[in-house]
Amino acid sequence: MTVIHPNMTDESAKIRARDVSVFYGDNKAIDAVSIDISPNYVTAFIGPSGCGKSTFLRCFNRMNDTIGTARVTGLIELDGEDIHADRMDVVQLRARVGMVFQKPNPFPKSIYENIAYGPKIHGFAEKKADLDVVVERSLTRAGLWDEVKDRLDDSGTALSGGQQQRLCIARAIAVDPEVILMDEPASALDPIATAKIEELIDELSGRYAIVIVTHSMQQAARVSQRTAFFHLGKMVEYGPTSDIFTNPIEERTKDYITGRYG
Amino acid sequence: MSPITLILIAMGLGLAGWLSGRAKAWSFQSSDPALRSASRPVYHAWYVALWVVIPVLAFITIWSVLAPQLVMQSVLASPAAAQLPAFGFERDAFIGEARAVAQDTAPAVFNVEAEALVAPFREAISRYKIIGIIVTVLIALACGGLAFLRLRPDFRARTRVERTVMMILLLASLVAILTTLGIFGSLVFETVRFFGIVSPADFLFGTFWGPDTMASPEATDPSRYGAVPLFWGTIFIGAVIAMIVAIPLGLMSAIYLTQYAHPRVRSWVKPLLEILAGVPTVVYGYFAALTLAPMIRDAAVAIGITSASTESALAAGIVMGVMIIPFVSSMADDSMAAVPSAMRDGSLAMGATKSETIRKVLFPAALPGIVAGIMLAVSRAIGETMIVVMAASPAANLTANPLEPMSTVTVQIVKLLTGEQSTDHPATLSAFALGFVLFMVTLALNFIALRVVKRFREAYE
């Protein structure tokens, strides 16, 4: 039983999921979830650990393909195109749908090479001058340019945790995606670094459709405009963030929001 | 006089000590917590047993060396021994014969003169056998008894037993370390002797190798001991040709097995690959010498290279490379598995293909570990002996043509130390100098490689 608040189905939805289920072997991790993701808002997935919100997020760029035992059923559309269709190239899908992981995972290369990686493999920029522009633009958008512009040749792994995560965000936006998926992007960071990431999400929203998975309800309340609450592999309630936090319809959502469990 | 009897006696006495120790410890088990003994009965039992077995084994070790000498002394003191020739081959033969008969390993004497010695031998052997048994039992009773008397409820038998176990383990590891040091010491000693005859500069930089085992040691010609052709042959076969074979094949199979292979395929292919590492090197050796080398020679002759040899460096190097493949492959496998999967996911999520991810992210990240693996493989290849003894040439040759015969350091060591050779001759001593150089090079390679691997592991923990 899923409660979806009024006006949440959207003709202009960026991502449309219908009856999506995910299995790990014989285990059902996600059970028939349908959702529309709007291009103009930040959408937050909240819920207790193990509720399947990260698994569901990883459906949008088919990262579940990399797990041998995982199987996805149902329909997922990006701009009306079925992402599981034969003519959908997973390489191009992932260029359009970027991802930021829970733990910062910069490549063991220089800061410059970390950003240039995506544009190079997709052939967006070949010449050094073009790459320079992309690197500066991406780092500026990620709010990291001023901190690293004098040491672009230093290793990406030498940065602090918060800087590494912003580097990963810059790396994701370097290929100019349409959607950015964030899987608990601040859970490994201290409060100051977390605040910077949240600020950044705010600045990036509008330019990119952003879907963020988070453990922290305060974070969801701060950064998102839409919130979906997941529990035991099912989506329980989906609505405007303000409604979900102040006026939830479902009893389970209320219990979770008020901290009765989770 | 067999040590086995004594060891059986020691075991029996140890068991007796164990049982008596446990019996005594049981007697002071109490349900009153205030009187609870400090250790469980089994530790008291082991305490007594160890006090019996260790001194007895020490005595047996010493006795097995000492007893034959005592026997010999008493036989020589007997009147029959006065008849023996004063010294020399005959005397030794008679004594040996008499001893064999006395120990019932020979039916009867061949030389009549030895007959007289049989009785004194028999008598002496049985006398010392009895003495050995008596002393064994006495030591066991004395040590075991003392240990038994020390058992009290508050005696910390457990601590003592644990410490003894630790000492035994320490001793076992010391044996290995001391052996290594001993090998190193003897190598250094003989090398220094060699360098007293041929200067290190002549040895390390000379370009002609041809030790003359017939020349008198006084008239040594240092210019015949230039090891450069051997070092070159070793490096060319072990580090160049073998690595040209092993590095690409090893790395590619590791990449396939870690990144592409279905788990079921991997579970079949990986053990099969590792069988290569278990093939005895002598088998590789005759494969190289009897199968591959003639094929290479024939192929070379067919395309017009008439100088090609059946002892070509190419054959030995290729087979050695095949031998090294599992080594390179498993090191590369480990270092790629050590790269966090977050790195791989990050690259895939950027839209990189599998091969782009491997080439641009996984491989560079795993590179230090892979390089270390290759260094270990090189150190194994240049120390490898059997393949080159069978397939490479015994004659040193300084050339870059892989179809010509070449010799290696290990081949020369085998050649110089087999057969009858005077231990003072510079040709024999030069084998130790070669061994010393080889030892230092492989030691350095291993040392550097292990340090690199260690630092690499830390980087991802």
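Start at B:Ala316. Leaving aside residues up to four places away in sequence, B:Ala316 touches B:Ile237, B:Ala288, B:Ile387, B:Val388, B:Ala391 and B:Ala392. Keep in mind that this is a predicted model.

Now the wider setting. B:Ala316 belongs to the largest nonpolar core, which has 158 residues. B:Ala316, B:Val319, B:Val328 and B:Ala391 are the residues with the most contacts inside that core. Which helix gives the core its largest share? That is helix H10 of chain B, residues 313-338, with 16 residues. There is also a second, separate core of 35 residues, and B:Leu13, B:Trp63, B:Val71 and B:Ala102 are among its members. As background, nonpolar side chains in soluble globular proteins tend to be buried together.

Over to chain A. Here seven strands make an open sheet with mixed pairing, in the order S1-S11-S10-S4-S9-S8-S7. Strands S4 (residues 42-46) and S9 (residues 209-213) of chain A run parallel, joined by four bridges. In one of these pairings, A:Thr43 has A:Val211 in S9(A) as its bridge partner.

Next, the helices. Helix H6 of chain A, residues 161-173, lies across S7 and S8, at about 170° to S7(A). H6(A) also packs with helix H3 of chain A (residues 111-122) at an angle of about 30°, their axes 7 Å apart. On the H6(A) side, the contact is made by A:Leu167, A:Ala170 and A:Arg171; H3(A) brings residues including A:Ile111 and A:Tyr117. By type, the contact residues are five nonpolar, two polar and one charged.

Conventions:
Residues numbered from 1 in each chain as written. Chains lettered and ligands numbered in written order. Predicted model: local features only at pLDDT ≥ 70, side-chain atom pairs only at ≥ 80, totals over all residues. Core = buried A, V, L, I, M, F, W, Y, C linked by C-beta atoms within 7 Å. Buried ≥ 20, exposed ≤ 12 C-beta atoms within 10 Å, placed from the backbone. Helix = DSSP H or I, 4+ residues; strand = E, 2+ residues; numbered from the N terminus. Contact = placed C-beta atoms within 7 Å. Pairing = 2+ DSSP bridges. Axes fitted to C-alpha atoms, helices over the stretch in contact; angles between N-to-C directions. Nonpolar A, V, L, I, M, F, W, Y, C, P; charged D, E, K, R; others polar.
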